[in-house]
Amino acid sequence: MYRSSNLAARVFERQIRTPAPGTSVHYARRLYENLVPSYTLYEVECPDHSFRKFTDDGQYLISFSRNHQELIVYRTRWLSYSCKDEDCDNHDLPPDAKRFESFFTQLYCVPLASCNELICKDFFLYMENNQFGLFATSTAQIHDAPAVGGAVQGVPSIEKITFHLLRLEDGVILDEKVFCNDFVNLTHNMGVFLYDDLLAIVSLRYQTIHILQIRDSGHLVDVRAIGAFCREDDELFLNSSSQGTSLSDKSKQQPGNHSENNQGQPTPENRFLSGIKQRLLSFIFRGIWNEERDDTLRVQSLKKKFYFHFQDYVDLIMWKVQFLDRHHLLIKFGSVDGGLQVSRNADHHPAFFAVYNMETTEIVSFYQNSADNLYVLFEQFCDHFHATSRDSMYMNFISSHSNNIHALEQLRIIKDKASSSSQFVKKMLSSLPFSCQSQSPSPYFDQSLFRFDDKLISATDRHRQSTDHPIKFILRRHPYSLKFKIKPGPEGGSMDGRAKKISSFLFHPFLPLALSVQQTLFLQPSVVNIHFRR
């Protein structure tokens, strides 16, 4: 059905027409077909900061100083200026209106990092109901750190990682959580996941999932640690058993006959497997056991499928974790080498997915990264993997191939072009578990409203190779016209065509406002453009 291109007519139509049940939000979002960021201010004079993102409720713009020591938070405000002429739309904006301060007001600047720490500029999580922000600072990585105290060999070490919980309203630091001589993958929030008031932090070096609760008072409270132990009393039980064994062994020793090893202390030769690994191995064993009814076939099947690959299962480490709900975690297992790679070839490493119930401490299901049945779930119920907090209103309308026919068509085109079905499944499932708050809820990325080149721009929060050509946003419905363009960098293009440039795009979650930031790899000042509706 043809829609009017007049904004006032669309508003009037929305008032008098009742949408179908369950479609009111989608119907209201169609207004953005007429409300687009159609005007661009190029090379805006602004502070030389590293702009991170808008918060999901649009209240704040998060940025960091260039030396990665300070947090600077802005409040979004709309451009306002006066014009005496009748036809103001055809006049150029006054000079004062072209400044960064015309769109954003700085609220405060807070020093976060100490002298030997740096702010992790790719990490930020937002708790919308309390307007809390979670930031991280860390010291430099030590790549050849020795594996001591149960650490995994080959995983780097960071002397100090500090998570800071701030109240964004006034910049007050409410609480901190420190990890020493550990490694958490903070790139694009990969090692941390926030769901409602629960926070999961993955220690790659010590293979532990730390579950914390963020209280309304602003305190980070330890809930449980999943890794070496699964239940709260596992460590107490093992320690009491170890002490009993030690006393028994001492009573059997003859006077003058001293053992070289202290039997009460675990050694690499007699150390137990971790609790989570015990759960995983028992689930695999029971699954293979129940496949056969005949005892002879069971033994053969266990030899072939379990014992032959036993050491491979033991060597698996936890890469990444996400919440599916308040009780279930989706855990990705793989090799040490694959866990530290975030390249395009990460899907070439063998990987497995497990669903873990935190309350019962049981593995619910287990899949290889080439499993067709897991891909079917991923294709049909992708939104269930995008676990969003209950209070996050805008994040519930991000386009995916399970809720948008156009995204599903794109996925099937890629599937038809794939030379190998197994490699296609591995490539698609390599994105699991999803990184927390890694997508923009902006309606301009709604694929039922606009069509754009997802190789140049998308809702996913990533830096992309910059282009001198504008990125076009075209209507999905009649008249299929070009509605607006986003062009990063200078208006006339870059003078140095040899320099490699990358761009990032920060879209406001509901206003027709976006920032495009183009930067080179040589730490030159960024080129910031502001795209808005005039």
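1. Setting aside neighbours within four places in sequence, phenylalanine 163 has contacts (heavy atoms within 4.5 Å) with Phe123, Leu134, Phe135, Ala136, Asp175, Glu176, Lys177, Phe179, Val184, Leu186, Val192 and Ile201. The model is predicted, with local features needing pLDDT of at least 70 and side-chain atom pairs counting only at pLDDT 80 or more, while totals for chains, interfaces and linings use all residues. Residues are numbered from 1 along each chain as its sequence is written, and side-chain values use heavy atoms, with hydrogens and water left out.

2. The largest nonpolar core has 62 residues, and Phe163, Val192 and Leu329 touch the most other members. Such a core is a set of buried Ala, Val, Leu, Ile, Met, Phe, Trp, Tyr and Cys residues joined through side-chain atoms within 4.5 Å; buried means under 20% relative accessible area (1.4 Å probe, protein chains only). Another core, of 20 residues, lies apart from it and includes Leu41, Phe51, Tyr74 and Leu506.

3. The whole structure holds 34 aromatic pairs, that is, rings of Phe, Tyr and Trp (its six-membered ring) with centres within 6.5 Å; planes under 30 degrees apart count as stacked, over 60 as edge-to-face and the rest as tilted. Phenylalanine 123 and phenylalanine 163 make an edge-to-face pair, because their ring centres are 5.7 Å apart and their planes stand at 70 degrees. Phenylalanine 123 is in the loop between β6 (118-119) and β7 (125-127) and phenylalanine 163 is in strand β10 (residues 157-167), so the pair ties together parts 40 residues apart in sequence. Both phenylalanine 123 and phenylalanine 163 are buried.

4. One aromatic cluster is formed by Tyr32, Tyr444, Phe445, Phe450, Phe452, Phe473, Phe484 and Phe507.

5. Two charges sit over rings (NZ of Lys or CZ of Arg within 6 Å of the ring centre and within 35 degrees of the ring normal). The charged end of lysine 177 is 5.8 Å from the ring centre of phenylalanine 179, and that of arginine 534 is 5.1 Å from the ring centre of tyrosine 39.

6. The axes of helix α4 (residues 275-289) and helix α5 (residues 295-307) come within 9 Å and cross at roughly 145 degrees. Axes are lines fitted to C-alpha atoms, for helices over the stretch in contact, with angles from 0 to 180 degrees between N-to-C directions. On the α4 side the contact is made by Leu281, Ile284, Phe285, Ile288 and Trp289, and on the α5 side by Arg298, Ser301, Leu302, Lys305, Phe306 and Tyr307.

7. The chain has eleven helices and 26 strands, taken as DSSP runs (helices H or I, at least four residues; strands E, at least two) numbered from the N terminus. Of its 534 residues, 48% count as buried.

Definitions and conventions
Buried means under 20% relative accessible area, exposed over 50%, partly exposed in between (1.4 Å probe, protein chains only).
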